[in-house]
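Okay, thanks for coming, everyone. Let me put the structure up and then walk you through a few parts of it.

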Amino acid sequence: MAGRHRNTHRLILIRTLVGLVVLVAAVGVGWGGYKFANRQSCSSHTTLRVDAAPEIAPVIESTAHAWSDKQSGACVTVALTAADPADVAAAIAHQGGATVAGIGQPNGKTQVPDVWIPDSSFWLERIRMVNANIVPAVAQSVGQSPVVLAVPQPLAKQVLGWPNAKVTWAGLLQKMTSGTGLKAGIVDPQRDAAGLSGLLALSAAAASSGGVQAQQATVAALRGLANNRSTVRADLVGRFPRAADATTLAGGLAAAPLSEQAVIAYNAAQPPVPLAAVYLNPAPPALDYPYAVLPSATNQAVSAANDLLGQLTGAPYRTALAQHGLRTADGTTAAGFANQPGAPTSATPAGSADPAVISQLLNTWSAVTQAGRILAVLDVSGSMKTQVPTAGNKSREEVTVQAAAGGLSLFGDDWSVGLWEFSTKLNGSIPYKQLVPIGPVSSQRAALAAGLNGIRPTNGDTGLYDTVLAAYKQVQANWDPAKVNSIVLMTDGQNDNPGGLTLDQLIQQLKKTVDPQRKVEVIAIGIGEASQAELQQITNVTSGQVFFASDPSKINQIFLQAIALRPGSGG
């Protein structure tokens, strides 16, 4: 009997040591990472690197573990990392020589995986817009979570009539912009798919009013959200009230677009004030968790990825999704799902949002949220009288001024803006004229609007080079370290100013003037006969960019894109 006890203790010791070895091996994968491999004899071996959105990563983990245990013959190690989709998107775009606006450069830690499971196909669409060859054209959905309006339950009942009343995005927009005190926030839609989905729905509701009212409604809604935005979801949900008294409710965050899964996870922690998941009409695009096998994966990894995808189906997988607050790809739920009051029995799968609409909306968001110090310099030479057939025969000057005025309406009071016009001999031999000095929009919005309304094309030529140098020095003179300092130059012609600077002289002068510690970017928007090559040489020296409107009627969209992609503004 004594010998049996000794053998038992020895067996326990061996098992403990084995357990410690397994634990150390698991820790060695790194935070948020998991590896699985079968312990059978392998005729060949492949490591499949998978990055998944954090909320679905545990489901992929359990499925990969079960699959790994069943393998025989060729073996696969699944190296799984729970990764922020924005970080992975930045790494993928960088590897393809591109940059996705709003998320900037990669963090240096995130590696490009073989399989990427972000929370939304929005990420794939945004990468395709900058390089269509670095992500697959099609990716199968492996889960779903509707986007809802998360509202503290007491407020949801009082303000929105939850859970019985039907709430529309148009109704929500009215509450946000009519001074009812609905303090809405958002996770930066450039970095969060649920935020982008909610913003698309809100923007569509604003657009339904049409014309100037649509623009005003959109700007008002974006500014309200921007005042309560966060770059990470954890920070935003931390602003929801932690007590149900009137004072705390009034001071906390009242509403934010989040995924249904995020609300379920928040309430699972039994907070003092639970959140209501308000399902608005029409339903915004749901998070759809696409399974993207990246083109950079090896043939062996692609084969393993296809095998793993085949496991992401069936009752066990559906149950695992439900236990983590997720729906299946078709929007239905399985046993164990925490149903929310007012929730639909199934959700409509995410539609394919128009990439151009996504781009335009994010450009507008960037223009509203990224404060800048800008000198707008508009060409008023004779060629700006040319009519634009695609813009109802308005002149190039009219569509240019209209674009600038639209941009001004987006700029918050924390912006600083000035206005110049240029041609030739506007002030003696000087080809440019200051209409409004650079100053806070808060105190000179009316002056800027009046200056734009008074712009008319002249009979002069194009004194481009002298104007660029003078404008650069003007912006640099009172450089503001707290803002993105830039010049937005809008022109339809090449330099034509006898006696003025040559291109070589301008470049030499700019090189002497540029100070890396006091950056001033020249953003050039070319129209009509403008020389893209000429403008490119100028912006190369000033770390700026050139945008060319082959169709002047599109200058409004290009103006917003140029503002959104200012170097240093997050793009």
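So, Pro152 stands opposite Leu275 in strand 10. Strand 6, residues 147-152, and strand 10 are joined by four bridges and run antiparallel; for us, strands pair if DSSP finds at least two bridges between them. Helices and strands here are DSSP runs, numbered from the N terminus, with at least four residues of H or I for a helix and at least two of E for a strand.

Before I go on, this is a predicted model: local features need pLDDT of at least 70, and side-chain atom pairs count only at pLDDT 80 or more, while totals for chains, interfaces and linings use all residues. Residues are numbered from 1 along each chain as its sequence is written, and side-chain values use heavy atoms, with hydrogens and water left out.

Now, salt bridges. We count a side-chain nitrogen of Lys or Arg within 4 Å of a carboxyl oxygen of Asp or Glu, and a search of the whole structure finds eleven. One of them is Arg327 with Glu260, with the closest N and O atoms 2.9 Å apart. Arg327 is in the loop between helix 13 (314-323) and helix 14, and Glu260 is in helix 11 (residues 260-268), so the pair ties together parts 67 residues apart in sequence. Buried or exposed? Arg327 and Glu260 are both buried, where buried is under 20% relative accessible area, exposed is over 50%, and partly exposed is in between (1.4 Å probe, protein chains only).

Arg191 forms a salt bridge with Asp87, at 3.2 Å between the closest N and O atoms. Asp84 joins Asp87 and Arg191 in a network of salt bridges. Arg191 is partly exposed, at 23% relative accessible area, and Asp87 is partly exposed at 23% too.

On to helix 14, residues 355-369. This helix has 15 residues and reaches 21 Å from first C-alpha to last, close to the 21 Å expected at 1.5 Å a residue, where the expected span is 1.5 Å times one less than the number of residues. Its buried residues include Ile358, Leu361 and Trp365.

Last stop, strand 15. Ten of the twelve residues in strand 15 (residues 416-427) are buried, so the strand is largely enclosed by the rest of the structure. Seven bridges join strand 12 (residues 372-379) to strand 15, running parallel, and seven bridges join strand 15 to strand 16 (residues 430-440), running antiparallel. Ser416 is the bridge partner of Arg373, and Ser416 also has Pro440 as its partner in strand 16.
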